[in-house]
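Take a moment with the sequence and the 3D view before reading on.

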Amino acid sequence: MATAARPRLGGMSQQFTDIELKQLADRWVAQWNEPDPGERRRMIRELWAEDGYQILVNPPEAVRAAAAHLSVPFPSLEIRGHDALFERVGRAYDMFVGAGDHVFEQQGEPIRHAGAAVAVTWVMRSRADESVAGSGLEVLTFGPDGRVHSDHEYVA
């Protein structure tokens with residue numbers, strides 16, 4: 001789905017207006033639901049700082065099980081830069097949204113936190129019966145240009 005150009009958010013998160021925070025959350029969720037790879041790439045470049053990164057704080061169960069088997073703490077997983085983020089978002093789209101089974105939605109309002117961070121909660125909802133199939137929390141920080149610099153993701 002092609003969308004009109006979205007305004008770039010201004011400044012650090014403590015300077016975001018309530019409207020800008022809502023736009024941020026809408027854009028955040030939209031990147032995960034975007035079916036067109038070219039548009040998805042454009043959205044990522046607009047939303048994320050060039051050196052932006054996502055850390056999966058609690059990685060998938062298979063990673064945790066492998067770490068436990070080796071008697072080591074499970075590692076967080078890091079995705080860094082536009083190309084890697086494009087692959088990450090595209091893979092999530094293919095796994096959960098592309099087949100038409102699920103859609104990602106914002107849950108509640110974005111919340112400002114200390115240290116120029118913003119928390120965005122989300123759910124992955126079944127299109128068949130609207131039940132919640134997954135949920136999570138993103139803790140975002142921003143670069144001087146207002147784009148996402150870091151995202152610590154916690155999947156429930």
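Predicted model: local features only at pLDDT ≥ 70, side-chain atom pairs only at ≥ 80, totals over all residues.

Which residues of helix 2 are buried? Helix 2 spans residues 37-47, and its buried residues are Glu-39, Arg-40, Met-43, Ile-44, Glu-46 and Leu-47. Look down the axis of helix 2: these buried residues fall within an arc of 165 degrees, so they line one face of the helix.

Now move to the start of helix 2. There, Asp-36 brings a side-chain oxygen to within 3.2 Å of the backbone nitrogen of Gly-38.

Arg-40 is one of the buried residues of helix 2. Its charged end sits over the ring of Tyr-93, 4.7 Å from the ring centre. Arg-41 also meets a ring. This residue lies over the face of Phe-86, with 3.7 Å to the ring centre.

Next comes helix 4, which runs over residues 82-97 and holds Ala-84. Is Ala-84 buried, exposed or partly exposed? Its relative accessibility is 30%, so Ala-84 counts as partly exposed.

Turn to the aromatic rings. The structure holds six aromatic pairs. One of them joins Phe-96 and Phe-104. Their ring centres are 6.3 Å apart, the planes stand at 85 degrees, and the pair is edge-to-face. The reason for that label is the angle: planes over 60 degrees apart count as edge-to-face.

How accessible are these two partners? Phe-96 has 28% relative accessibility, so it counts as partly exposed. Phe-104 is buried, at a relative accessible area of 9%. The cut-off for buried is under 20%.

One aromatic cluster is formed by Trp-28, Trp-32, Trp-48, Phe-96, Phe-104 and Trp-122.

Finish at strand 3, residues 102-106, where His-102 is found. His-102 has a relative accessible area of 18%, so it is buried. What does His-102 touch, leaving aside residues up to four places away in sequence? Its contacts are Phe-96, Val-97, Met-124, Arg-125, Ser-126, Arg-127 and Ala-133. Phe-96 thus links two parts of this tour: Phe-96 touches His-102, and Phe-96 pairs with Phe-104.

Notes: Residues numbered from 1 in each chain as written. Heavy atoms only, no water. Phe/Tyr/Trp six-rings, centres within 6.5 Å; stacked < 30°, edge-to-face > 60°. Buried < 20%, exposed > 50% of the residue type's maximum accessible area, 1.4 Å probe, protein only. Lys NZ or Arg CZ within 6 Å of the ring centre and 35° of its normal. Helix = DSSP H or I, 4+ residues; strand = E, 2+ residues; numbered from the N terminus. Arc of directions from axis to C-beta. Polar contact = N/O pair within 3.5 Å; in protein donor to acceptor, adjacent residues only side chain to side chain. Contact = heavy atoms within 4.5 Å.
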